Amino acid sequence: LLVVGSVAIDWIITPRAERKESVGGSATFFAMAASYLSQVRLVGVVGGDFPPAAVADLRAAGVDTSGLEVIEGGKTFRWKGQYHDNMNDRTTLETHLNCFEHFAPKLPPAYRGSEYLFLANIQPRLQEQVFMQMQPPRLVGLDTMNLWISIANADLRSVLRHVDVLTLNDEEARQLSGEHNLVKAARAVQKLGPKNLVIKRGESGALLFDRDGDVFSAPALPLEEVVDPTGAGDSFAGGFMGYLARP
């Protein structure tokens, strides 16, 4: 299972806690979650300031990090965000792309034959470039966000033609489809290429719309106290894809 995405250092502020140096990034959360179920390969880029202990943690979990590029003297992508009381709303306070600004994923030769590919949340143009470097995978998953739907819609629609499973939240599904009703939204998105669609709904669980027209609803486990929801969607995708790619 190959994942390509961001590896970052986050500054997280929530009503419960604050942490100035927290390892983050879509590929990081995905890889750690998927590692419990399958063999994971990671492609990303970090600067020389990325903590070696974090890389050691990934390797200890069985993640192959030989595709993680380290720019010595460079700085890692950093994001600062603040969550509000309901934890579904957050405000981006700072974004520093640093070495991630010029990220051009290069797959090691051994990675190009991976059976399962997950294109985590990065620019759609880069996602398609990764796909074009691969031998045809058995299954391709992709995640995106409202920003790319707004500013890179054509690129996103191009890469969606190659996707077997698309994951996005309910607001993103409505934005991409132009439909408010989630069932209609899902059917409209599937017409863009994805054979299966997973709509994440936070504390309300998730909906799966499959290629045969069936709908499956999975509930979420309610929690009394949420400390930090960062990476929840990426971790969900990691567990989902990790299960499908399990040996």
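A charge counts as sitting over a ring if NZ of Lys or CZ of Arg is within 6 Å of the ring centre and within 35 degrees of the ring normal. The model shown here is predicted, so local features need pLDDT of at least 70 and side-chain atom pairs count only at pLDDT 80 or more, while totals for chains, interfaces and linings use all residues. Residues are numbered from 1 along each chain as its sequence is written, and side-chain values use heavy atoms, with hydrogens and water left out.

**View A. Charges over rings.** The charged end of arginine 246 sits over tyrosine 243, 3.9 Å from the ring centre. Look also at tryptophan 11: lysine 80 lies over its face, 3.7 Å from the centre of the ring.

View B. Tyrosine 243 belongs to helix α8, residues 232-244 (helices, H or I with at least four residues, and strands, E with at least two, are DSSP runs numbered from the N terminus). Tyrosine 243 counts as partly exposed because its relative accessibility is 47% (buried is under 20% relative accessible area, exposed over 50%, partly exposed in between, with a 1.4 Å probe and protein chains only). Together with Tyr36, Leu37 and Leu244, Tyr243 makes up a nonpolar surface patch of about 450 Å² accessible area (patch residues have over 30% relative accessible area and no salt bridge; like charges are joined within 9 Å, nonpolar side chains, Val, Leu, Ile, Met, Phe, Trp and Tyr, within 5 Å).

**View C. A phenylalanine cluster.** Ring pairs join Phe77, Phe100 and Phe103 into a cluster (rings of Phe, Tyr and Trp, the last by its six-membered ring, pair if their centres lie within 6.5 Å; planes under 30 degrees apart are stacked, over 60 edge-to-face, the rest tilted). Phenylalanine 77 and phenylalanine 100 are stacked, at 5.1 Å centre to centre and 20° between planes. Phenylalanine 77 is in strand β6 (77-83) and phenylalanine 100 in the loop between β7 (90-96) and β8 (116-119), so this pair ties together parts 23 residues apart in sequence. Phenylalanine 100 also stacks with phenylalanine 103, with centres 5.5 Å apart and planes at 25°. Phenylalanine 77 and phenylalanine 100 are both buried, and so is phenylalanine 103.

**View D. Arginine 78 in a salt-bridge network.** Glu21, Asp49 and Arg78 are linked by salt bridges (a side-chain nitrogen of Lys or Arg within 4 Å of a carboxyl oxygen of Asp or Glu). The closest N and O atoms are 3.0 Å apart between glutamate 21 and arginine 78, and 3.3 Å apart between aspartate 49 and arginine 78.

Technical notes. Areas by Shrake-Rupley, 256 points an atom, 1.4 Å probe, with all protein chains shown as cover.
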